[in-house]
Amino acid sequence: MEQKFKTDAMNEDRISDLPDALLLHILSSLPTENAIATSVLSRRWRSLWTMLPKLKFDSNFNPVFDDDNIDPSVFSENVYKSLSLHKAPVLESLHLSFEGRTDSLHVGIWIATAFARGVRKLVLDSFYQEEQTVTLPSVLFSYNDSLEILKLKCAIDLDFPSRVCLKSLRKLYLDQVHFQDEESVCNLLCGCPSLQDLVVHRYSNADVATFTIASPSLQRLTIEDLRQEGGYGNGSYVINAPALKYLNINGVIDIESCLIDKALELVEAKISNVSGITNENIMESLTSAKRLILHLSPLEVKFPTGKIFDQLVCLELLTYEREWWNLLSIMLDSSPKLQILKLTDVSSFTSCLFPQLHFQVIC
């Protein structure tokens with residue numbers, strides 16, 4: 001009898017007795033393909049995965065793609081079937097990683113289905129396969145009032161002949177995507193009236209000649225120019241964001257121009273690895289900032305004469321840049337309210353030179 005009791009205890013399915021909320025929390029930590037696989041465990045698990053608020057599909061995760069004889073459309077069909085069976089009241093997040101040779105029609109169906117389910121966060125990561133790219137159907141972006149976060153990465157072409165309408169979009173990430181023309185850039189950004197956070201990773205000479213960022217609502221902007229060998233001297237940036245509070249520019253080198261309308265509400269700016277720009281007004285546009293992080297040489301940027309950084313409280317300089325000491329002298333003379341000076345890669349004796357300032361020395 002005792003042995004039978006032990007056997008029954010070992011065979012007891014205690015996990016299935018847990019409440020749905022806890023089981024969904026467990027399933028949410030698994031890749032979606034694995035979560036779907038639990039549907040074969042028992043009747044209790046059969047449709048549990050369909051209530052997951054977040055879904056993530058990766059074509060590389062599916063072992064059938066290791067076989068070149070398998071039609072890649074199998075992944076597309078699996079994604080569509082999964083989205084069709086999904087029953088959660090709200091689709092909080094959909095993350096799709098797929099090959100650049102994926103049929104654009106299939107991608108369009110995924111997006112349309114997700115939009116119909118009121119998806120709040122959409123991530124499309126298309127990795128290059130045989131130099132092929134996916135073009136997103138522009139008509140799908142003509143109106144949407146639920147999407148709040150959109151991340152687009154790599155082998156994706158964006159062609160927006162008319163303005164999009166993403167009423168609730170707050171965060172937009174553009175990572176090495178390709179725009180058809182300058183008009184497509186404007187039609188995307190101008191169609192996001194609630195946009196607050198924009199991250200752009202791109203090659204300045206890869207697609208459009210002038211990359212214009214015009215957004216009255218934008219508060220945070222990050223631009224990382226990845227540069228492309230053999231393309232120096234091409235490309236321009238124009239930034240018009242009057243509500244901008246945080247600006248981060250990195251790697252903008254040897255391009256034609258970088259023009260920034262003065263952001264009167266700017267709180268913090270970080271400028272790194274910027275040089276060789278024919279026409280730029282970067283430093284002049286930062287005079288309203290309260291905190292500046294400058295990892296650049298004064299020989300590589302234009303410093304406006306007679307300009308005062310009258311709001312600047314905290315300044316960080318990188319001291320292995322050429323002529324950094326001259327930049328320090330200029331900034332000290334132009335910053336009457338400066339309280340904190342942070343110098344990286346310097347020896348501690350520097351703090352003795354300016355006793356009226358609070359130094360943070362990082363070695």
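User: Hi! Which residue is the bridge partner of Ala214 in strand 12?
Analyst: Hello! In this predicted model, Ala214 has Asn240 as its bridge partner in strand 12.

User: And what about Phe211, which residue does that one partner with in strand 12?
Analyst: That would be Tyr237, the bridge partner of Phe211 in strand 12.

User: How many bridges join strand 10 to strand 12, and do they run parallel or antiparallel?
Analyst: There are 5 bridges joining strand 10 to strand 12 (residues 236-240), and the two run parallel.

User: Which side chains of strand 10 are buried?
Analyst: Phe211 and Ile213 are buried, and they point to one face.

User: Switching topic: what is phi of Cys154?
Analyst: Phi is near 70° there, a positive value in a residue other than glycine. Cys154 lies in strand 5 (residues 149-154).

User: Is Cys154 buried or exposed?
Analyst: Cys154 counts as buried because its relative accessible area is 13%, and the cut-off for buried is under 20%.

User: Where is Asp254?
Analyst: Asp254 is in the loop between strand 13 (246-250) and strand 14 (257-260). Asp254 also has a positive phi, about 55°, although it is not a glycine.

User: What is the relative accessible area of Asp254?
Analyst: The value is 29%, so Asp254 is partly exposed.

Conventions
Residues are numbered from 1 along each chain as its sequence is written. This is a predicted model: local features need pLDDT of at least 70, side-chain atom pairs count only at pLDDT 80 or more; totals for chains, interfaces and linings use all residues. Side-chain values use heavy atoms; hydrogens and water are left out. Buried means under 20% relative accessible area, exposed over 50%, partly exposed in between (1.4 Å probe, protein chains only). Helices (H or I, at least four residues) and strands (E, at least two) are DSSP runs, numbered from the N terminus. Two strands pair if DSSP finds at least two bridges between them.
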